[in-house]
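Please look at the sequence and the model first, and then follow the description part by part.

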Amino acid sequence: MFHWFKKRRRKKILSQPVPESWDLHFNRNVRLTWELSPPEVRRLQQIVQVIVAEKNWEGCDGLELTEEMQVTIAAQAGLMLLGVPGFYFDNVKTILVFPQAFSRQASSGSGEGQTHRAGEAWQGGPIVLSWRDTLRGGRDEDDGQNLVIHEFAHALDGLDGEMGGNLMFDNEETSQRWQQVVAQEFADLCRARDRGIRTLLNHYGATNQAEFFAVSSETFFEKPRSLSQQHGELFELLLTYFRVDPRNWQRN
Ligand SMILES: [Zn+2]
């Protein structure tokens with residue numbers, strides 16, 4: 001019953017015309033859309049229609065949520081779904097948007113205090129984003145950093161029930177290959193971080209394997225050529241996972 005209702009509702013959402021203003025938001029705020037093929041743009045518009053309509057959106061800390069914010073966030077998340085028909089981050093119900101980095105009570109072995117965060121993703125809970133950092137990530141398409149892709153990668157990671165960095169592939173062999181390749185890549189990144197060596201993958205990926213996947217996803221979409229050259233197997237596995245090749249979206 002629920003699926004039937006959802007399917008019917010989506011059909012209705014997708015039959016609505018796409019507002020002309022969306023093109024402007026894509027062009028101004030989501031640079032990765034510049035090189036998409038016309039069918040990809042059309043598909044991305046549909047994904048944005050569903051994400052904007054189906055999620056609960058809330059502005060926080062006095063932020064008044066606008067269409068521009070919703071479209072800019074949904075379009076960046078939607079790039080990750082261009083190869084995955086029929087899925088719209090169904091496990092994410094709510095998106096909270098703060099004007100800028102927000103403070104959180106941090107607790108760790110060494111003590112507690114306030115920490116500032118640009119984004120968060122919770123298993124079974126909301127995705128939380130700073131609008132300022134969302135915009136920065138979307139407008140710079142090849143610095144390897146994209147907050148929206150990072151947080152929504154955590155949501156994909158959580159589809160197996162936990163955000164632990166294990167991805168669900170179509171077959172067991174590829175899933176095992178993923179675990180082997182990530183174990184090696186993660187160890188390499190930890191070593192480089194400890195020695196202070198600069199790497200293509202942000203050192204934050206050495207935090208744990210969940211962050212490794214989120215950081216790898218940012219690099220896959222924003223620096224696909226470098227990733228394919230320097231981390232060939234990791235790139236091929238992400239290509240298999242996302243079923244799109246972002247090398248086609250970058251001019252150089
Ligand atoms: Zn993260």
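A residue is called buried if 20 or more other C-beta atoms lie within 10 Å of its own, exposed if 12 or fewer do, and partly exposed in between, with C-beta atoms placed from the backbone. This is a predicted model, in which local features need pLDDT of at least 70 and side-chain atom pairs count only at pLDDT 80 or more, while totals for chains, interfaces and linings use all residues. Residues are numbered from 1 along each chain as its sequence is written.

**Two domains**

The protein is divided into domain 1 (1-141) and domain 2 (164-252), with bounds that come from an automatic or database domain assignment. Their C-alpha centres lie 22 Å apart. Nine residues of domain 1 are in contact with nine residues of domain 2, where contact requires that the C-beta atoms of two residues, placed from the backbone, lie within 7 Å. The side of domain 1 that touches domain 2 has six nonpolar, one polar and two charged residues; here Ala, Val, Leu, Ile, Met, Phe, Trp, Tyr, Cys and Pro count as nonpolar, Asp, Glu, Lys and Arg as charged, and the others, Gly among them, as polar.

**Helix H6 and its surroundings**

Helices (H or I, at least four residues) and strands (E, at least two) are DSSP runs, numbered from the N terminus. In helix H6 (residues 147-157), eleven of the eleven residues are buried, so H6 is largely enclosed by the rest of the structure. These buried residues pack against H4, strand E5 (119-121), strand E6 (127-130), H5 and helix H8 (209-222).

Two packed helices are described by the angle between their axes and the distance between the axes. Axes are lines fitted to C-alpha atoms, for helices over the stretch in contact, and angles run from 0 to 180 degrees between N-to-C directions.

| Helix pair | Axes come within | Crossing angle |
|---|---|---|
| H4 (residues 67-79) and H5 (residues 131-139) | 10 Å | roughly 55° |
| H6 and H8 | 8 Å | roughly 125° |

Angles under 35 degrees count as roughly parallel, over 145 as roughly antiparallel, 65 to 115 as roughly perpendicular and the rest as oblique. H6 and H8 are therefore oblique to each other, and their crossing is right-handed. This contact is made by Ile149, His150, Ala153, His154 and Asp157 of H6 together with Ala210, Phe213, Ala214, Ser217, Glu218 and Phe221 of H8, and its residues divide into six nonpolar, three polar and two charged.

H4 and H5 are likewise oblique to each other, and the contact between them is made by Met69, Thr72, Ile73 and Gln76 of H4 and by Trp131, Thr134, Leu135, Gly137 and Gly138 of H5. By class, this contact has four nonpolar, five polar and no charged residues.

**Residues in the loops**

Most residues other than glycine have a negative phi. Asp61, in the loop between strand E1 (56-59) and H4, has a positive phi near 55°, and Asp61 is exposed, with 12 other C-beta atoms within 10 Å. Phe89, which lies in the loop between H4 and strand E2 (94-98), also has a positive phi, of about 50°, but Phe89 counts as buried, with 23 C-beta neighbours inside 10 Å.

Asp170 lies in the loop between H6 and helix H7 (172-195), and Asp170 counts as exposed because it has 9 C-beta neighbours inside 10 Å. Asp170 and Thr240 are 70 residues apart in sequence, and their C-alpha atoms are 9.4 Å apart in space.

Definitions and conventions: Left-handed = near helix turned anticlockwise from the far one by under 90°.
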